[in-house]
Amino acid sequence: MSGLLSLSRAARLVGVSRGALQRKVRDGVLDSFEGMVRVSDLLRAFPGTQLEDEAEHARVSGIKERAFGRRVLERLLPDKEVLAARLGELGQDLAESRVREARSQELLRELARRLADEPLGAWLRREMEVGMASSDEERAILAREGVMRVIAPHVKVVPGGQEFFVEGADSLLEAALRVGLAMPYGCSSGNCGDCKARVVAGRVARTRPHDYRLTEAEKLQGYALMCCNTAVTDLVIEAAVARGASDIARQSVTTHVLKMEPLSPEVMLLELVTPRTNRLRFLAGQSAEIVLGGMRATLPIASCPCEERRLHFHLRQIPGNRVSDYAFGRLKLGESVPVEGPLGDFVPQDESGRPIVFIAFGWMGFAPVKSIIEHALAQEAAESIDLWWIGANPSDHYHPKLCRAWAEALDNFHYHPLIAGAGLHGQVTESVRHALEKVAPELGDLAERDVYVAGEPAQVDATRAFLLASGLPSAQLRCWESQ
């Protein structure tokens, strides 16, 4: 087994986000070699670290998922054929590593013998005595890395560089969608072939039969359907991942009402579920047009793409508004709701690893921000996340329990509710400036932050002007304005 670990796996083993590890690399504290780190260097960068085991990781993952309001994923072992294949590959890798180690030791001993009478020979013997011995910590981390390779193989997607783990009985497609990657797919049942990807390195195993037939040329090139295969070993796959709004075509999906749940006296969670064979592809932060009782409304999708078939929308009760009146008065569980989308370009930036700041205004600004927050948490890429929810009054903070749950469950998440007063909807520029002056001292160096702002147009305009004047690079700012 190699003494090199991928950044994603190393982050899991020491219990930090991948963004925190990337910060160590950027600061020169941790050496990286083509996205890999040495075990010994990792332990030096995190001295005295209590290494994460799978049970602890599962516990923290469970807390995260409950905080998201998501169904807790069962952490199951793969089926016995896949498990046997993974153990076989691990055993073969271990045997090959032992052969390489024995040959390396033999070569070094021979070199030391030939240089016995030279100062270099004495130095080489000393280094061999020290270097060939591994510490208890190194052996422990390598042992756990071996377990992780069986329980959760690592997948890297090229050319984009995205990474994810395949856990339990997940297919490659299911595992990618769970972390919010916008992978290409259609039916997700092996009929359309839209999710085929090329296996560049590693080995996959089919988990179920499929009707779609790969050509002989595609088979020779290593193509496989992600919805019908899982990882046997760590993988590198070639697949297109949507990175911007223009990468996903507009779709029409007929959904059904799964849940209507009050989040506050004025705001309701509307949860829709898509058919298994016709899910809505979208990026975190985007919106969709829904049809309620024949009336159309464009709303931000409050859920992350990692929610699989579930689409969340936050609706406010506004007497006299026909969509609101229908949703709060006549909408029924199980009712069909046509959805078209996605819409908008308020989407996550390319992974930078920088700390992320979210500024949400009132009840309108939280839903699109929530979607990107859940995406960032699923990706585990940000070094830290700060949410500033600025309301005119306490009722604007209609989902405080969720925000507090994030903060309690995640060390790198910080929630800051702020009341700006009635001027937030009247004397907007002055109210926003006063609110942001309170926030500014805690934002740190804006040149080192990615910032997302959502709210009414005047609130967003005032915030944009304040942040850019305070040193935030325009490329690191994303804004959403209510319609």
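This is a predicted model: local features need pLDDT of at least 70, side-chain atom pairs count only at pLDDT 80 or more; totals for chains, interfaces and linings use all residues.

Visitor: In which sense do β5 and β9 pair, and which residue of β9 is the bridge partner of V199?
Guide: Strand β5 spans residues 196–201 and is linked with β9 over three bridges. The sense of this pairing is antiparallel. For V199, the bridge partner in β9 is I237.

Visitor: Which strands are the edge strands of the open sheet, and what is the average twist?
Guide: The sheet has five strands in the order β4-β3-β9-β5-β7, with mixed pairing. An edge strand pairs on one side only, and this applies to β4 (163–165) and β7 (223–225). From one strand to the next, the twist averages 35°.

Visitor: Which residues of β9 lie on its covered face, and which on its uncovered face?
Guide: In a regular strand, side chains alternate between the two faces of the sheet. Strand β9 runs over residues 235–238, and its covered face holds L235 and I237. The uncovered face has V236 and E238.

Visitor: How many disulfides does a search of the whole structure find, and how far is C187 from the nearest cysteine sulfur?
Guide: The search finds zero disulfides. A disulfide needs two cysteine sulfur atoms within 2.5 Å. C187 is in no disulfide, and the nearest cysteine sulfur, that of C192, is at 3.7 Å.

Visitor: Where is the nearest cysteine sulfur to C195, and is C195 buried or exposed?
Guide: C195 is in no disulfide either, with the sulfur of C227 the nearest at 3.6 Å. Buried means under 20% relative accessible area. C195 has 3% relative accessibility, so it counts as buried.

Visitor: What is the volume of the largest cavity, and how many nonpolar, polar and charged residues are in its lining?
Guide: The whole structure has three cavities of 30 Å³ or more. The volume of the largest cavity is about 100 Å³. Its lining includes L177, F282, R281 and E308. By class, the lining has eight nonpolar, no polar and two charged residues.

Note on methods:
Residues are numbered from 1 along each chain as its sequence is written. Side-chain values use heavy atoms; hydrogens and water are left out. Buried means under 20% relative accessible area, exposed over 50%, partly exposed in between (1.4 Å probe, protein chains only). On a 1 Å grid over the protein atoms alone, a cavity is a set of points where a 1.4 Å probe fits but cannot get out, and a pocket is an open set with protein on both sides within 12 Å along at least five of seven lines; lining residues have an atom within 4 Å of a point. Grid points are joined across faces, edges and corners, and a volume is the space filled by probe spheres set on the points. Ala, Val, Leu, Ile, Met, Phe, Trp, Tyr, Cys and Pro count as nonpolar, Asp, Glu, Lys and Arg as charged, and the others, Gly among them, as polar. Helices (H or I, at least four residues) and strands (E, at least two) are DSSP runs, numbered from the N terminus. Two strands pair if DSSP finds at least two bridges between them. Axes are lines fitted to C-alpha atoms, for helices over the stretch in contact, and angles run from 0 to 180 degrees between N-to-C directions.
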